[in-house]
Amino acid sequence: MAQPRLRVLVHTTSFVLFAALVLGAAAFAPPAHACSCYHPSLRSSLESADFVADLRVLEVRPLEEGAMFGGQYLLYRVERVYKAPATIAEGDEIWVYHQTCNSAGYDATHVGGRHIWFMGVRRGVPEHHFCSTSLDPYLPVPHLLLESRARWLESRQ
């Protein structure tokens, strides 16, 4: 009769050890980082951006290695400006830093692609995040951006 009790004790002990191992691993695991995007209005995005332009990807550098929230540099040609610092003009080729968070970055298949990006400028380098506002340049441009472009063109004269 002692044998069934021994089996129960072995199974119970095994379960307790397994549960302790799982809980211990969970307690010491690094926290997961989820990236969630806030989607502000187009007006808010335009007001907070330093640089808004239709950009064509010319070159893609590999993702930075070793960073938890990686990034990469992309070479763009400025096709059409809607808002920009005085140092940027249409036709310029500029390097932009793309913050990827935990999403996949750009690769060679993106060369030639276009987006209207709403960007910040940090230390003189334009940058956009995977959550940054962007528009398809092949769709009708919102009137708000056309007004911003008119102001930008006027400031260039």
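Tutor: Strands (E, at least two residues) are DSSP runs, numbered from the N terminus. This is a predicted model, in which local features need pLDDT of at least 70, side-chain atom pairs count only at pLDDT 80 or more, and totals for chains, interfaces and linings use all residues. Residues are numbered from 1 along each chain as its sequence is written, and side-chain values use heavy atoms, with hydrogens and water left out.

Student: How many bridges join strand E1 to E4?

Tutor: Two strands pair if DSSP finds at least two bridges between them. Here six bridges join E1 (residues 51–60) to E4, and the two strands run antiparallel.

Student: Which residue in E6 stands opposite Ile 116?

Tutor: That residue is Leu 135, and E4 is joined to strand E6 (residues 134–135) by two bridges in an antiparallel arrangement.

Student: How do E4 and E5 pair?

Tutor: They pair in the antiparallel sense over three bridges, with Gly 120 opposite Glu 127 in E5. E4 and E5 form a hairpin with two residues between them.

Student: Is Arg 123 buried or exposed?

Tutor: Buried means under 20% relative accessible area, exposed over 50%, and partly exposed in between (1.4 Å probe, protein chains only). Arg 123, which lies in the loop between strand E4 (114–122) and strand E5 (125–129), is exposed because its relative accessible area is 79%. Its phi is near 55 degrees, a positive value in a residue other than glycine.

How values were computed: Helix = DSSP H or I, 4+ residues; strand = E, 2+ residues; numbered from the N terminus.
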